[in-house]
Amino acid sequence: MKGKFLCIAAIAAMIGFAVASCGDDDEKNGITTATGTVSVSFSDSSLVIESGSTATIDVAIKNAKSVEWTSSDENVAAITVFDDAHVEIKCQKVGSAIVSVTADDVTKSISVTVVKKSISYTTPKVIDLGLSVKWASSNIGASSPEEFGDYFAWGETETKDEYDWLTYAHSDGVVMTKYYPSDNMATLEASDDAATENLGENWRMPTQTEWEELSNNTTHAWTTDYNGTGVAGWILTSIVSGYTSAALFLPAAGYRSGTELSKVGYRGYYWSSSLDEDMLTLAIIAGFNSADFNVGNSSERCTGLSVRAVNIGE
């Protein structure tokens, strides 16, 4: 299957198609055609690739009337054939797939194992605003409040280069495969929670109710220059008695759709762990521009948004 893709970082494998004389009918992996024997060979029998990466395969083809590439699971390894000399395997998610090439009637395969990307995230400081949960001082992937951090699709725990339905972990590109009526799952599992997976069991994504609690119990002040950093966003300061010196800063980090980063500097979009009950392809967000901070709107689950974690164990 020729597929769409997403990802980054590279591994190369060489594939060659060698031509023998018309009489070499018994050549290994070969088949005799009117123009010669077509053979297929991989330089490696397998590839191990981190998720979010791209494996580049160079191809040389002679005497083959037709060439077809397939992947046993394009949700793991999606194939894009640009021309006869350039093929890419894009790593969708952790798992295994068999990638095969057929030249006329000769087929050879290579196993592709996609492993979790090795990333060490900074554990944020815990801010107590006197609410039911404590909040992280910065976004996941950021080391300070003003940094944007990383962007995640809802229910995914790793970043990637392209954010759309074809690259979404809980879709086959056409229909939802998880957190949908087909599985009757409405609660985000810890293994699909970007906060829990990247920061540890004491952290998780906030629910819609927790975002509403934060919004209702803080004052909101827009700034275009947070602490002299030149970063725009909202400062939320607690109005709870005994906690009025505690505040959060949410930078206007924009969002990622497809391969593009948009709205940086004047809009922010933050996931909750709550699905939109009226449209399960969407999930609830906290969103804002310079004039308004709102909780309860929703976004397509495949979009890359910021995650601000809550702490439930400290």
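Start with serine 272: a polar atom of its side chain lies 2.8 Å from the backbone oxygen of isoleucine 284. Bear in mind that this is a predicted model. The chain has 314 residues, 47% of which count as buried, and it contains 2 helices and 24 strands. Among contacts between residues at least 6 apart in sequence, 58% join residues at least 24 apart.

**Around serine 272**

- Serine 272 sits in strand β21, and with a relative accessibility of 0% it counts as buried.
- Leaving out residues up to four places away in sequence, serine 272 touches Trp154, Met205, Pro206, Thr207, Gln208, Trp211, Ile284 and Ile285.
- One of those partners, methionine 205, has a contact list of its own that includes Trp154, Leu188, Glu210, Trp271, Ser273, Val307 and Val310.

**Aspartate 276, a buried charge**

- What is the nearest side chain of opposite charge to aspartate 276? That's arginine 301, and it is 10 Å away.
- A salt bridge needs the nitrogen and the carboxyl oxygen within 4 Å, and aspartate 276, although buried, has none.
- What the side chain of aspartate 276 does reach is the backbone nitrogen of aspartate 278, at 2.9 Å.
- Beyond four places in sequence, aspartate 276 touches Leu282, Ala283, Ile284 and Ser298.

**Nonpolar cores**

- In soluble globular proteins, nonpolar side chains tend to be buried together.
- Here the largest nonpolar core has 27 residues, and Ile140, Trp154, Met205, Trp271 and Val307 are the ones with the most contacts inside it.
- α1 (194-199), β21 and β22 each supply at least two residues of this core.
- Apart from that core lies another one of 20 residues, with Trp234, Leu236, Ala246 and Tyr270 among them.

**Aromatic pairs**

- The count of aromatic pairs comes to 10.
- Take tryptophan 222 and tryptophan 234: their ring centres are 5.8 Å apart and their planes are at 70°, so this pair is edge-to-face.
- Buried or exposed? Tryptophan 234 counts as buried at 7% relative accessibility, while tryptophan 222 counts as partly exposed at 24%.
- Ring pairs also build a cluster out of Trp135, Trp211, Trp222, Trp234, Tyr270, Phe288 and Phe293.

**Salt bridges**

- How many salt bridges are there? The count comes to 5.
- Lysine 178 and glutamate 189 meet through their side chains in one of them, at 2.8 Å, N to O.
- Both lysine 178 and glutamate 189 lie in the loop between β14 and α1, so the pair ties together parts that are 11 residues apart in sequence.
- Lysine 178 is buried, with a relative accessible area of 18%, whereas glutamate 189 counts as partly exposed at 35%.
- Glutamate 210 pairs up with arginine 204, with the closest N and O atoms 2.6 Å apart.
- In that pair glutamate 210 is buried, at a relative accessible area of 9%, and arginine 204 is partly exposed at 23%.
- Shared partners join Lys178, Glu189 and Asp192 into one salt-bridge network.
- Lysine 90 and glutamate 88 form a salt bridge too, with their closest N and O atoms 3.8 Å apart, and both residues are buried.

**Backbone spots to check**

- Tyrosine 179 has a positive phi, near 60°, without being a glycine.
- Tyrosine 179 lies in the loop between β14 (134-136) and α1, and it is buried, with a relative accessible area of 0%.
- Lysine 263 isn't a glycine either, and its phi is positive at about 65°.
- You'll find lysine 263 in the loop between β20 (260-262) and β21, partly exposed with a relative accessible area of 32%.

**One more residue**

- Threonine 80 is in strand β9 (residues 77-83) and counts as buried at 10% relative accessibility.
- Threonine 80 and tryptophan 69 are 11 residues apart in sequence, and their C-alpha atoms are 8.9 Å apart in space.

Key: Residues numbered from 1 in each chain as written. Predicted model: local features only at pLDDT ≥ 70, side-chain atom pairs only at ≥ 80, totals over all residues. Heavy atoms only, no water. Buried < 20%, exposed > 50% of the residue type's maximum accessible area, 1.4 Å probe, protein only. Lys, Arg positive; Asp, Glu negative; His and termini not counted. Polar contact = N/O pair within 3.5 Å; in protein donor to acceptor, adjacent residues only side chain to side chain. Contact = heavy atoms within 4.5 Å. Phe/Tyr/Trp six-rings, centres within 6.5 Å; stacked < 30°, edge-to-face > 60°. Core = buried A, V, L, I, M, F, W, Y, C linked by side-chain atoms within 4.5 Å. Helix = DSSP H or I, 4+ residues; strand = E, 2+ residues; numbered from the N terminus.
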